[in-house]
Amino acid sequence: MELAEEKLDEHHLDEKEVVDVVVRFAGDSGDGMQLTGTNFTQATALYGNDLSTFPDFPAEIRAPVGATFGVSAFQIYFGAEDVTTAGDALDVLVAMNPAALVTNIANLVEGGLVIVDRGAFTAKNLKKAKYQSNPLEDSSLDGFRVLDIDISKQVLAAVESFGLTHKGALRCKNMWTLGLVMWLFDRDRQSTIDSLNAKFSSKPEIAGSNIAALNAGHAYGETAELPAGIHVYKVPQAKVSPGTYRNVTGSNALAWGLIAGSELADIDLLFASYPITPASNLLHELVNHRDFNINTFQAEDEIAAVCAAIGASFAGSLGITSSAGPGIALKAEGIALAAATELPLVVVDTQRGGPSTGLPTKTEQSDLNMALYGRHGDTPMPVIASSTPIDCFEVAIEAIRLATKYMTPVMLLSDGYLANAAEPWKIPDVSTLEPFPVSHHSEAEGFKPSLRDKDTLARVWAKPGTAGLEHRIGGIEKSYDTGDISYDPSNHQKMTDMRHAKVAGIANDIPLQKACLGEESGELAVVGWGSTFGAIHQAVKRARSEGLDVSHIHVRYLSPLPRNLGEILHNFETVLVPEMNTGQFVHLVKSEFLIDAEGLNKVAGQPFKIGEILAAIHKKLGAMESAS
Amino acid sequence: MNQALPKLTLKDYASDQEVRWCPGCGDYAILKTIQKLMPEFNQPKENQVFISGIGCSSRFPYYMNTYGFHTIHGRAPAIATGVKLANPELDVWVITGDGDGFSIGGNHMLHVIRRNVNLQILLFNNEIYGLTKGQYSPTSQTGTTTPSSPQGSVDSPLSPCGVALGAGGTFIARSIDTEAKHLAAVVTRAHDHDGASFVEILQNCPIYNDGIFEQVKDKKIAANFKVVLTHGEPVIFGLEQEKAISLNRESLQLEVIEVSGNEDKILVHDENNKILATMLATMSGSNFPVAVGVIYREDKTSFIDDSYQQLIKAREVKGSLQELLHSGHTWEVE
């Protein structure tokens with residue numbers, strides 16, 4: 001289906017109270033927009049709104065100042081109701097220079113608020129952003145509320161007493177701007193003040209000047225004569241269940257899920273990986289948690305990383321490796337070795353735009369086919385995907401459970417959006433998590449490396465160091481009965497069938513598919529997997545509030561599929577599958593269940609907008625109506 | 001600790017698998033020497049692990065009655081590193097060949113050596129790809145005629161010991177498949193070394209590269225073509241022990257001299273001298289002998305020890321999952 005966009009209800013900023021708001025902070029890579037966004041997020045969480053955030057940064061570490069390709073942005077969607085995406089159109093845009101304005105203004109709603117640093121709109125910067133004339137002076141911003149302030153000048157005055165260099169003083173511009181936006185939404189500055197004091201504890205003048213700038217920005221909002229229609233907006237608190245909350249990115253939730261899985265399985269982990277965007281944060285996080293039964297290894301390349309993980313699994317630990325698309329491609333031969341030798345292995349693929357280097361910092365779901373089929377030989381492997389930043393925690397635990405219980409490599413699909421996006425998380429009570437302790441074989445009597453569990457078909461795990469179990473494994477086909485090398489034709493058939501049956505059997509050990517919103521039958525099912533969850537959820541929710549007969553089916557288990565998925569999908573008149581690829585899952589659904597499913601496909605490096613999916617729902621149901 | 005282990009013999013180390021190398025392959029001799037040597041280390045058999053890649057030599061683990069892992073082409077050093085990281089108590093051996101170790105697996109070889117992972121690497125160098133039916137390898141002499149180089153190969157060969165030295169190796173040695181006594185002595189020293197021990201074993205392939213090392217193996221003439229290095233001893237060779245290696249201090253190059261009348265110029269082997277070791281490892285040219293023995297050795301902490309030191313420190317206070325999830329900013333909703 002063609003991608004169309006549907007305009008959502010505009011939030012008229014002339015109201016004093018708004019249900020939800022999307023704010024985007026945009027500036028140069030060096031402007032500190034990520035820090036600004038993180039602090040605003042913290043204050044918003046403490047205020048009691050539900051929220052979702054998405055940092056959007058360039059591949060260049062320090063692009064030339066003022067360049068459009070160097071714009072770094074941080075988007076937050078917060079409100080009084082459940083928020084599951086980082087938002088479609090912007091209500092408020094903070095643009096620290098012309099490049100940030102030109103690359104983002106198209107997403108600002110009519111009547112939205114744009115805050116700009118007038119001091120940065122120099123002839124040179126305007127030229128870099130390819131502006132023919134200064135947008136602050138021509139009429140191009142007429143449809144918006146504009147707060148056009150010489151922030152540089154304000155900041156220099158605010159931090160004068162700290163004796164910073166001119167350049168050092170201007171570094172506080174982001175905090176001044178943050179102070180102003182905090183005033184705009186009635187946020188408490190204390191959490192930011194605390195975090196600045198902690199961050200710069202050894203440099204009190206830096207902490208002090210940033211806090212002064214923050215307070216000055218806030219005071220500016222309170223005291224300055226602002227243009228009509230710009231005032232404090234109230235966003236009512238969300239109704240959330242009681243408990244202790246924190247913000248968490250998908251990357252951290254995944255890392256902590258691996259730690260939790262290691263505790264629940266009571267097994268040591270070796271996390272072996274090679275740096276690659278956007279997957280490296282997992283390694284950065286886990287290396288700091290070696291106080292758990294975890295060791296990390298930065299290998300010389302992707303192949304060495306998967307191989308070291310397999311070596312660790314052979315030795316009785318659980319090997320985990322992680323990468324993004326191009327790196328996963330390099331690991332394919334190793335993954336097949338783990339499948340052939342029936343050793344546990346978890347492979348985390350944080351998908352990014354492809355092919356090749358593609359869009360390293362942007363998101364996509366285009367590795368599904370590689371995860372399902374991207375190996376030589378008949379090499380089946382369970383594939384599961386996380387749906388939200390928080391979900392990464394549970395899915396990581398599940399990957400470890402499946403890998404160790406079935407002695408198989410498992411592919412866990414995340415993506416660049418999930419890795420970097422953050423949302424508030426009601427912290428689970430770890431004592432309620434179900435343990436699944438792993439045991440290694442120790443009985444020498446009757447041992448052979450081909451012993452397997454008759455239910456799971458998992459091969460025995462006998463680790464070096466155990467007396468009496470000395471044995472050899474390897475990539476050459478092994479006899480089903482003895483584990484010795486076998487070139488016997490019927491044995492290869494039997495082993496191939498067994499490998500398939502083992503993975504297929506996992507379908508009996510996973511939850512049955514349910515609709516996560518709506519009924520399990522009806523006119524239209526919107527079926528998704530992975531990070532499209534949030535946008536589909538909102539779109540289906542809105543469609544249902546219009547009285548449309550539509551349900552949301554979210555599939556976590558991509559191989560094997562839940563055994564009742566086909567049955568559920570047959571209960572709908574039609575099926576729509578939005579994906580950030582050219583139609584990989586829809587193809588699977590169609591061929592597996594012989595149903596008439598239609599894809600909605602987007603490969604722009606950006607997540608779906610709610611409006612895009614809602615428009616597709618309307619189109620689909622409209623077409624059905626006119627056909628009947 | 002030193003619990004008396006039952007004395008094992010060669011038979012304890014032979015697996016029940018039929019050995020399937022070609023008749024006359026040098027690998028048989030190496031296997032026998034290693035099987036015979038293993039009991040000498042007086043270690044629990046269950047702690048010994050043989051890991052290989054792909055190729056003729058890489059079938060080796062199937063014939064050792066220890067733990068063994070026949071992995072994928074070139075990756076044995078990476079797999080072995082994972083094994084050691086998971087269980088540093090294991091005595092890990094990497095078995096590889098010239099194609100496996102220095103062509104497809106060259107990168108892993110460099111890194112396992114530079115990291116000084118505590119294990120033994122036995123590289124069987126027959127200067128040919130055997131299992132794929134005789135193509136030239138990265139150690140084949142230029143001009144080698146093979147199915148993939150019918151007019152002679154144009155590649156320059158690399159010196160395994162030279163590359164291992166360049167990668168920062170801390171134990172570099174060379175021996176010969178059929179020289180059981182010398183090989184056993186070299187491998188024993190490799191095993192005693194704390195770190196990555198690299199042993200190149202010149203190995204005859206009777207099918208695709210027969211006789212390539214005949215000069216250094218034929219007892220009648222070998223003394224003219226190989227020099228046996230011993231730490232602290234003069235570097236002398238020849239059927240009559242009449243030739244020696246000397247360092248020309250003007251040109252900073254090695255040269256072959258007559259022993260007689262030049263006694264004061266003869267090089268004395270210092271296995272801790274990396275510059276001389278590199279020169280001895282890579283001697284080439286018709287009048288130079290092939291150096292065998294321990295070429296270089298240095299004391300350096302191993303990667304596994306250093307990694308575990310960090311782990312021990314990190315685990316002084318055991319992590320708590322509940323605390324980890326509550327770290328940083330949290331807030332209560334009532």
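I count two strands as paired if DSSP finds at least two bridges between them. I keep in mind that this is a predicted model.

**Entry 1: a strand pair across the chains**

I looked up strand β7 of chain A, residues 243-249. I then asked which residue of β12(B) is the bridge partner of Gly243(A). I found Val333(B).

**Entry 2: the side of chain B that touches chain A**

I turned to the contacts between the chains. I have 51 residues of chain B in contact with 57 residues of chain A. I listed the elements of chain B that give two or more residues to this side: β2 (67-70), α3 (76-86), α5 (106-115), α11 (303-314), α12 (321-325) and β12 (330-333). I asked which element gives the largest share. I found α3(B), with eight residues. I also sorted the residues on this side of chain B by class: 22 are nonpolar, 21 polar and eight charged.

**Entry 3: two helices in chain A**

I took helix α4 (residues 151-158) and helix α6 (residues 173-184), both of chain A. I noted a packing angle of about 100 degrees and axes 9 Å apart. Angles of 65 to 115 degrees count as roughly perpendicular, so I call α4(A) roughly perpendicular to α6(A).

I checked which residues meet here. From α4(A) I have Ile151(A), Ser152(A), Gln154(A), Val155(A) and Ala158(A). From α6(A) I have Lys173(A), Trp176(A) and Thr177(A). I logged this contact as four nonpolar, three polar and one charged residues.

Conventions
Residues numbered from 1 in each chain as written. Chains lettered and ligands numbered in written order. Predicted model: local features only at pLDDT ≥ 70, side-chain atom pairs only at ≥ 80, totals over all residues. Contact = placed C-beta atoms within 7 Å. Helix = DSSP H or I, 4+ residues; strand = E, 2+ residues; numbered from the N terminus. Nonpolar A, V, L, I, M, F, W, Y, C, P; charged D, E, K, R; others polar. Axes fitted to C-alpha atoms, helices over the stretch in contact; angles between N-to-C directions. Parallel < 35°, antiparallel > 145°, perpendicular 65-115°, else oblique.
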